[in-house]
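Visitor: I would like to learn how to read aromatic pairs, sheets and helix packing in a model. Please take me through one case.

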Amino acid sequence: MIQISDKRQCCGCGACMNACPNGCITMRADKEGFLYPEIEKQRCMDCGLCERVCPVIQVSADIPFEQNAYVVQIKDEKIRRESTSGGSFSAIAEYVLSRNGIVFGASYDRNFKVLHTKAESRSEMSKFRNSKYVQSDTGTTFRQVQQSLEEGRWVCYSGTPCQIEGLKAFLRKEYEKLITVDVVCRAVPSPLVWGKYVEMQKEKFGSDISNIMFRDKYYGYKYSTMTVKDRTGKSVYAFGIDTDPMLRAFFSNICDRPSCYDCKFKKRYRVSDFTIWDCYPVYDFDKALDDDKGTTRVLVHTEKGNTVFNEIRENLRYTVVSPDKLTKGFREMFESVEENAERTAFFADASRMSGKALFNKYYPETLKVKLERTVRIFCYHTGIYSVVKRTAKRILKR
């Protein structure tokens with residue numbers, strides 16, 4: 001029987017719940033909004049399957065093997081515009097859809113709760129595009145994946161590294177028609193805190209909100225914004241990492257899942273077919289791709305992944321790079337975030353305060369914040385933003 005005595009030892013992937021043959025495990029939110037397994041002990045058969053499929057207990061080793069690496073842009077400009085970076089996931093997913101397959105990824109429900117859902121057509125794929133910096137509820141999607149694979153269908157599943165290891169552990173065998181894509185993850189913020197943010201935005205703009213985009217290219221890829229859109233699709237709010245309180249909370253590591261401070265999945269050699277993440281410094285790889293519209297770094301781990309990439313390459317602009325160069329210096333792939341000293345106080349306030357009061361207390365829009373935003377926007381509009389950003393990074397490295 002799985003026991004969670006230390007919350008740093010549970011990533012909330014839901015593999016144990018999906019695997020339980022007696023259905024006695026339920027994923028329930030704690031006071032911080034994170035999901036953990038709750039076991040109905042009187043019904044438990046003590047078969048140990050929940051422990052055997054737990055990716056934290058059975059974490060895979062970081063053992064080197066041959067990889068291929070690329071920087072990628074999908075040629076479909078509409079898809080790239082809607083995507084967080086270069087649209088590589090959409091290209092991979094369409095390979096599966098073209099074979100009458102099914103795709104799973106993170107999307108919003110009508111209340112902007114983040115959960116894993118499925119898509120079986122190209123028109124449904126837009127719900128998966130754009131990042132969602134919130135712990136996603138995978139629900140029963142692991143079981144749905146297994147059922148689809150057993151029916152002989154192609155399946156593509158995208159998620160955080162812990163979710164992908166959880167899925168693979170749950171399945172307990174390899175499937176020829178399963179394509180897995182993990183997205184390099186800094187950490188996952190609390191659904192409770194995200195709910196407070198949504199509450200705050202609805203208070204400001206009413207319930208007439210059609211979308212909230214964590215990484216919109218309102219100004220451009222290199223200065224992306226948290227953007228709120230109304231029912232007509234018009235952007236009524238677009239603020240970057242310097243100003244938006246949810247982004248500031250995320251990047252200050254104050255609202256992350258406890259396991260993210262000691263992540264077991266920060267490694268280069270992964271169980272997925274593809275690892276994808278941002279490529280802000282695209283100029284270091286191919287200056288011809290540096291158009292500020294979004295580029296993805298793609299690391300291919302398997303022969304199956306190589307086969308898929310070769311099949312979709314005609315839909316991509318890409319450059320072949322060294323896997324060592326692609327991953328060098330990218331801390332989010334290898335290092336856990338450091339816990340913010342104010343985390344305990346922040347969550348205590350989150351449980352009792354309104355969203356507006358919470359974010360105004362911890363992330364107020366001070367004169368300094370307004371000045372930084374003004375400078376960033378000025379640099380962007382004058383065409384020097386990228387140069388200033390590169391120069392600052394070089395100075396900081398020294």
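Visitor: Is F346 buried or exposed?

Guide: At 0% relative accessibility, F346 counts as buried, since the limit is under 20%. F347 has 6% relative accessibility and therefore counts as buried too. Keep in mind that this is a predicted model.

Visitor: How is a pair of aromatic rings described?

Guide: Over the whole structure, a search finds 27 aromatic pairs. In one of them, W194 and Y197, the ring centres lie 5.6 Å apart and the planes stand at 20 degrees, so this pair is stacked. For F346 and F347 the centres are 5.9 Å apart and the planes are at 85 degrees, so that pair is edge-to-face.

Visitor: Which residues form one aromatic cluster with W194 and Y197?

Guide: The cluster also contains Y108, F112, Y133, F214, F250, F251 and F359.

Visitor: Which charged ends sit over the rings of Y36 and Y95?

Guide: Over the ring of Y36 sits the charged end of K7, 4.8 Å from the ring centre. Over the ring of Y95 sits that of R99, 3.7 Å from the centre.

Visitor: Now the sheets. What is the strand order in the open sheet of 3 strands?

Guide: The order is β8-β9-β10, and the pairing is antiparallel. Its edge strands, β8 (209–216) and β10 (235–239), each pair on one side only. From one strand to the next, the twist averages 10 degrees.

Visitor: How many bridges join β9 to β10?

Guide: Strand β9, residues 225–230, is joined to β10 by 4 bridges, and the two run antiparallel. As an example, M226 has F239 in β10 as its bridge partner.

Visitor: What is the order of the open sheet of 8 strands?

Guide: Read across, it goes β5-β4-β6-β7-β11-β12-β3-β13, and the pairing is mixed. β5 (114–119) and β13 are the edge strands, each pairing on one side only. Here the twist averages 25 degrees from one strand to the next.

Visitor: In which sense do β4 and β6 pair?

Guide: Strand β4 (residues 102–108) and strand β6 (residues 155–159) pair in the parallel sense, over 3 bridges. I102 has V155 as its bridge partner in β6. Helix α5, residues 141–150, packs on this sheet and touches β4, β5, β6 and β7. The direction of α5 makes about 160 degrees with that of β6.

Visitor: Which residues of helix α9 are buried?

Guide: In α9, residues 303–312, the buried ones are G305, N306, V308, F309 and I312. Around the axis they cover an arc of only 165 degrees, so they are on the same side of α9.

Visitor: What do the buried residues of α9 pack against?

Guide: Their partners are the strands β3 (68–74), β7 (178–183), β11 (274–278), β12 (296–300) and β13 (316–321), together with the helix α4 (88–97).

Key. Residues are numbered from 1 along each chain as its sequence is written. This is a predicted model: local features need pLDDT of at least 70, side-chain atom pairs count only at pLDDT 80 or more; totals for chains, interfaces and linings use all residues. Side-chain values use heavy atoms; hydrogens and water are left out. Rings of Phe, Tyr and Trp (its six-membered ring) pair if their centres lie within 6.5 Å; planes under 30 degrees apart count as stacked, over 60 as edge-to-face and the rest as tilted. Buried means under 20% relative accessible area, exposed over 50%, partly exposed in between (1.4 Å probe, protein chains only). A charge sits over a ring if NZ of Lys or CZ of Arg is within 6 Å of the ring centre and within 35 degrees of the ring normal. Two strands pair if DSSP finds at least two bridges between them. Axes are lines fitted to C-alpha atoms, for helices over the stretch in contact, and angles run from 0 to 180 degrees between N-to-C directions. The arc is that of the directions from the helix axis to the C-beta atoms. Contact means heavy atoms within 4.5 Å.
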